[in-house]
Amino acid sequence: EIRPRDWSSDVCSSDLKGSLVVWEIDPRNRNTGLPLEGVRVLDLSRVLAGPYCAMVLGDLGADVIKVESPQGDPVRGLAPPWYRDVATYFLAVNRHRRMVSLDVGRDEHFSHLEALAREADVVIENFLPHQSTALRIDRLRDVAPNAVWVKVTPTSGSGPEASEPTFDLLAQARSGVMSVTGFPEGPPTKVGIPIADVVTGLFAAVSAVAGLLGRPTSEGPTVHVPLVESMMSALVNQVQGFLVTGDEPARLGNDHPSIAPYGPVAAGDGEVMIAVGTDAQFRALDEALGGVLLANNPRWESNSERVRDRETLRSNIQEAIAQWSVDRCVREMAQVGVPCAPILSVAGALEQTFVQESNFIQEVDSVVGPIRMLASPIIWNGQRPAIRFGPSGLGADNDLVL
């Protein structure tokens with residue numbers, strides 16, 4: 001009989017006779033009031049997608065132990081930028097976990113890894129097939145039948161793509177996302193953030209939670225979360241349009257393939273995004289601009305006509321607000337119900353009032369001392385979860401198992 005884990009227990013021991021209790025819930029993860037409190041997550045992943053998944057689970061209260069090789073997660077040195085000899089890339093996605101360093105090629109260290117796997121409710125890993133075999137990771141599944149096993153892979157299937165390293169950039173390329181990103185006269189362009197890793201990490205976190213919900217009635221599932229397919233899923237409307245019409249999506253720069261006006265406009269002191277999603281909003285925009293748009297072309301009453309004539313429409317809007325300030329544009333559009341936002345730098349985005357006042361930026365202790373971090377975007381029961389502790393050093397918690 002497979003019984004669900006009693007997550008309320010502070011200490012969990014394996015059902016295997018003679019095994020040692022190795023995994024006590026970190027005191028910092030007790031009495032948090034968060035939904036995943038008491039869930040034990042073993043993070044064997046490196047770089048971004050897997051660690052991002054583990055961070056999401058940790059932010060929601062899970063007790064996470066990350067196991068690294070003696071050389072550490074490669075992302076510890078993925079810089080610049082550095083902060084006190086640690087890559088900020090590592091700092092970004094490795095909070096809320098204790099750090100254990102094991103040389104799993106040594107039988108003694110591998111036995112410690114097996115002991116942790118026995119206690120885990122969720123295991124996250126992203127080893128390629130040959131790595132999994134060489135490091136005996138595939139053997140861990142046998143000692144952890146109740147765990148939800150989340151495996152981030154390059155692709156699904158058994159073809160050569162499934163066995164080759166697939167970084168975020170390659171996933172963006174292979175998924176088709178780059179083909180619709182950039183301007184028509186320019187080359188395919190990557191998204192400015194590691195979007196494939198982030199989307200895959202979120203799918204992996206959803207899979208882990210779904211596996212936990214389903215586990216009381218079955219053995220822990222094995223879930224494969226492919227990087228390329230996850231990125232393809234982000235194409236949503238673009239790929240759906242192609243599947244039913246056969247029309248290949250094109251690069252449109254900042255324009256929307258189905259809506260106009262829906263893009264940037266230069267004001268007198270900066271740029272704003274105007275996003276008109278309905279004909280009623282367009283009439284409101286025209287009213288705010290003194291009626292010049294429909295006076296110039298009454299057919300723009302229809303969105304399909306606006307999409308067909310988007311360049312001329314953009315020029316008309318541009319001319320109408322060229323002397324407006326960004327603040328005036330945002331204010332005037334808000335008054336008539338037209339969605340509009342300033343185009344901000346990263347610094348400008350962090351300075352927004354709602355960001356400053358919502359506890360989204362928090363200070364936490366870490367391996368490099370106090371640092372500021374973006375907290376979880378989730379508001380749980382009216383409160384943004386506090387960052388309980390930041391990233392720590394390689395092997396900082398080896399006393400857990402050694």
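**Figure 1. Lining of the largest pocket, with 24 nonpolar, two polar and three charged residues.** The view is taken from a predicted model. The space within this pocket amounts to about 1200 Å³. Its lining is made up of 29 residues, and those nearest the centre are Met55, Ala92, Arg95, Met373 and Leu374. At least two lining residues each come from helix 1 (49–59), helix 2 (88–93), helix 7 (195–214), helix 15 (346–350) and strand 15 (371–374). Helix 2 provides the largest share, with five residues.

**Figure 2. Salt bridge between aspartate 59 and arginine 95.** The closest N and O atoms of the two side chains are 2.9 Å apart. Because aspartate 59 belongs to helix 1 and arginine 95 to the loop between helix 2 and strand 7, the pair ties together parts that are 36 residues apart in sequence. Aspartate 59 has a relative accessibility of 6% and therefore counts as buried. Arginine 95 is likewise buried, its relative accessible area being 2%. Arginine 95 is also one of the residues that lie nearest the centre of the largest pocket.

**Figure 3. Salt bridge between aspartate 43 and arginine 97.** A distance of 2.9 Å separates the closest N and O atoms of this pair. Aspartate 43 is located in strand 3 (residues 40–43) and arginine 97 in the loop between helix 2 and strand 7 (98–101), so the contact ties together parts that are 54 residues apart in sequence. Aspartate 43 counts as buried because its relative accessibility is 0%. For arginine 97 the relative accessibility is 1%, and this residue too counts as buried.

**Figure 4. Further salt bridges of the model, which holds 17 in total.** Lysine 66 and aspartate 73 are joined through their side chains, with an N to O distance of 3.0 Å. Lysine 66 counts as buried at 0% relative accessibility, and aspartate 73 is buried with a relative accessible area of 2%. A network of salt bridges links Asp26, Arg28, Asp63 and Arg98.

**Figure 5. The largest cavity and the residues that line it.** The structure holds one cavity of 30 Å³ or more, and the volume of the largest cavity is about 110 Å³. Its lining consists of Asp255, Ala260, Pro261, Tyr262, Gly263, Pro264, Val265, Ile274, Arg310, Leu313, Arg314 and Ile317. Strand 11 (262–266) and helix 13 (310–321) each contribute at least two of the lining residues. By class, eight of the residues in this lining are nonpolar, one is polar and three are charged.

Figure 6. When neighbours within four places in sequence are left aside, threonine 155 is in contact with Glu161, Ala162, Pro226, Val228 and Glu229.

**Figure 7. Confidence of the prediction, with residues 1–21 in close-up.** The average pLDDT of the protein chain is 91, and 94% of the residues score at least 70. Over residues 1–21, however, the pLDDT is below 50, although this stretch has 43 contacts in the model beyond near neighbours in sequence.

Technical notes. Residues are numbered from 1 along each chain as its sequence is written. This is a predicted model: local features need pLDDT of at least 70, side-chain atom pairs count only at pLDDT 80 or more; totals for chains, interfaces and linings use all residues. Side-chain values use heavy atoms; hydrogens and water are left out. On a 1 Å grid over the protein atoms alone, a cavity is a set of points where a 1.4 Å probe fits but cannot get out, and a pocket is an open set with protein on both sides within 12 Å along at least five of seven lines; lining residues have an atom within 4 Å of a point. Grid points are joined across faces, edges and corners, and a volume is the space filled by probe spheres set on the points. Helices (H or I, at least four residues) and strands (E, at least two) are DSSP runs, numbered from the N terminus. Ala, Val, Leu, Ile, Met, Phe, Trp, Tyr, Cys and Pro count as nonpolar, Asp, Glu, Lys and Arg as charged, and the others, Gly among them, as polar. Contact means heavy atoms within 4.5 Å. pLDDT is the predictor's confidence in each residue, from 0 to 100. A salt bridge is a side-chain nitrogen of Lys or Arg within 4 Å of a carboxyl oxygen of Asp or Glu. Buried means under 20% relative accessible area, exposed over 50%, partly exposed in between (1.4 Å probe, protein chains only).
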